[in-house]
Amino acid sequence: MSTDLLLPTAEDRGGPAQPILLVKGLRKYFPLGSSLFGRNRGAVHAVDGVDITVPKRTTLGIVGESGCGKSTTARLLTRLIEPDDGEVIFDGEAVGTHGGISIKELRRNLQLVFQDSFASLNPRMTIERAIAFGPQVHGLPAKEAVERSRDLLGRVGLEPNRFGGRYPHELSGGQRQRVNIARALAFNPRLIILDESVSALDKSVQAQVLNLLMDLKDELKLTYLFISHDLNVVQYISDHVMVMYLGQVVEVGPVEEVYRHPRHPYTQALLSAVPSLDPHHRTERTPLTGDPPNPINPPPGCRFRDRCPKAHAVCASIAPPSVVVGTDHSVACLMADPASGHPDAI
Amino acid sequence: MSNLITVSDLTVTFGGARPVHAVNGVSFTVGTGEVLGLLGESGCGKSVTLRSLIRLHPPRRTTYGGRIEVDGQDILGMDEEQLCRYRGAVTSMIFQEPLLAFDPVYSIGRQIGEAIRRHTGIDARAAEAEAIRLLDRVQIPQAAKRYHAYPHEMSGGMRQRAMIALALSCRPKLLLADEPTTALDATVQIQILLLLRELQREMGLSIIFVTHDIGVAVEISDRVAVMYAGRIIEQGPIADIISAPAHPYTQGLLASTVTQNMRGSRLEAIPGAPPDLANLPVGCAFADRCRQASAQCRAAPPPYDSRLGRGLACFHPLTESVAP
């Protein structure tokens, strides 16, 4: 398959050692408005001080329960919503600041694929046109854009002569998700954010799409940010994994190490909640009780302490800082910090 | 173990100019106190089969064939009044989205109480006490307070617990579960599965649990039936199906499911997509995606052969022990 594409490939500016994405202190609160008497009702702390580092040509998986801020993070990174605070550096260039990379330029380099493959596509456009639409807006002549679109359809495994003229409703869910991936590729992006992109697919189709994603990553030297609630899929596809809880990162590290030796009690609970697939060893007790709490005005201290089996008085007063516990492996738990005063600290 | 449910050669067709054959000759039995998992991908007919057991399909557009017998009663032959008595009292159902299953304008406690009064005729005070007891039983904290909560005021996991309380309020013998944990987080999903298992043992319930997730099926079922294009293609004890699948589709489904420690290996995806239910092939519906397929498979659908607790519909099974 040829890799020479018609749009100029955004060049690797920072060199291989420069992380493609560096995020520091990303924060977004959604205010709840004020009550009848003008009293502020507080805010949803959707993303609260998140740091992310994604090295080039790797995959970072983000996991967590619903409402933990995974998708908000994705939207903040693509500037679909404006962050309240925080610095985003794309391949060495600060995003949206004077002298840095512009938002328009960023979006050419960074594309999103969503969960709902049908809602993501314009129902009145053939898929060939849907893929050509973006590059055309960015100034590629119509003829070349369509040519490029057909090339991409072939690349994601949809025969352009057979499928190019179809509308989204004429495709199956797996085929539609391939179209969305092709459309994301239309700009020759360097980073693709996959927000639950394979979650709605049936297992047999999900495997096809995962294989496709792995192939494309190698062929096109892509970097992925893979957001999912399915821990098995994240383990399969990611190099690093980041565990989020109530808008904060609780643990981040190489996927094998985090899965084998999870240090945060929340990561441990999350991993043991995965069905085992072994009928002789069914899960016998629940690793966590209760639902994920509400991110409105979270309590001070550790946000997980209400559900944590190892919580101690000290957890209520100190917000656990991120502590390095291994190569690239850090955890935000007082038990990982010997100086914290938690009785189980090591 | 006596059979509580006997389904024989069930067919469900949704009418119109282009009829959709959603279920094409499904037969199975479920014993008292047994949990059957119905496993399959979207559009395979698992939910349609489940809903037929309580006759939830729109009567004017649905044509049933075959026979469903639950607790000695012929379900397909019931009139509307008999159905009302049957639903809730003998068989009840829980759904994927409890927010849609509850009435948004009444508190959950009142809805549970209403169901109890409708079926048992006890007075309002006693029904309230019973509803609170049930809410407490499904481990809803502060049940007496939660009695007055509206569905939108509860979290997804709590709503699902409330729906289980509602479904079990009239002490049914059979619980139909249509992907009740799919919309929940993994940590909440396992809580609900454990709760269902506990209640099932305690009440001696039979459960038919529809899911597309093999992991969930393993956690809850004694026996599992795998469906494809409106037919059961393989059936047996969960441990046997997982360790030695005989149908190529079951094998493919297991191989393409991402499990722990599969990193670095390429996934064995099943090529293609399921067939169109309005235009089913004459032969085996899986033949086009199957590596084992032969001319025989394309000529006529393989008969469903059941023996030694295992059933299979395939001309070329992968495991010799269950070969017809």
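## Two domains in chain A

What distance separates the centres of domain 1 of chain A and domain 2 of chain A, taken over C-alpha atoms? The answer is 30 Å. Please keep in mind as you read that this is a predicted model. Domain 1 of chain A is made of two stretches, 21-124 and 167-340, while domain 2 of chain A covers 125-166.

Where the two domains meet, domain 1 of chain A supplies 18 residues and domain 2 of chain A supplies 17 residues. On the domain 1 side, helix α6 of chain A (residues 173-185) gives the most, with 7 residues. Sorted by class, that side of domain 1 of chain A has 11 nonpolar, 2 polar and 5 charged residues.

## The sheet of chain A and its helix

Let's turn to the strands. Chain A has an open sheet of 4 strands, in the order β2-β1-β4-β5, with antiparallel pairing. The edges are held by β2 (43-54) and β5 (93-94) of chain A; each has a single partner strand, so one side of each has no neighbour in the sheet.

Within this sheet, strand β1 (residues 21-31) of chain A and strand β4 (residues 85-90) of chain A run antiparallel and are joined by 5 bridges.

## A helix pair in chain B

In chain B, helix α7 (residues 156-168) and helix α8 (residues 186-203) pack with their axes 10 Å apart, at an angle of about 15°. That angle makes α7(B) roughly parallel to α8(B), and their crossing is right-handed.

From α7(B), the contact draws on Gly156(B), Gly157(B), Gln160(B), Ile164(B) and Leu168(B). Facing them from α8(B) are residues including Val188(B), Gln191(B), Ile192(B) and Leu199(B). By class, this helix contact has 7 nonpolar, 4 polar and no charged residues.

## Where chain B meets chain A

Finally, to the interface between the chains. Here 37 residues of chain B are in contact with 34 residues of chain A. The elements of chain B that give two or more residues to its side are α7, α8, α9 (214-220), α10 (238-243) and α11 (248-256).

Which element gives the most to the side of chain B that touches chain A? It is α8(B), with 6 residues. The residues on this side of chain B divide into 18 nonpolar, 13 polar and 6 charged.

Note on methods: Residues numbered from 1 in each chain as written. Chains lettered and ligands numbered in written order. Predicted model: local features only at pLDDT ≥ 70, side-chain atom pairs only at ≥ 80, totals over all residues. Axes fitted to C-alpha atoms, helices over the stretch in contact; angles between N-to-C directions. Parallel < 35°, antiparallel > 145°, perpendicular 65-115°, else oblique. Left-handed = near helix turned anticlockwise from the far one by under 90°. Contact = placed C-beta atoms within 7 Å. Nonpolar A, V, L, I, M, F, W, Y, C, P; charged D, E, K, R; others polar. Domains from an automatic or database assignment. Pairing = 2+ DSSP bridges.
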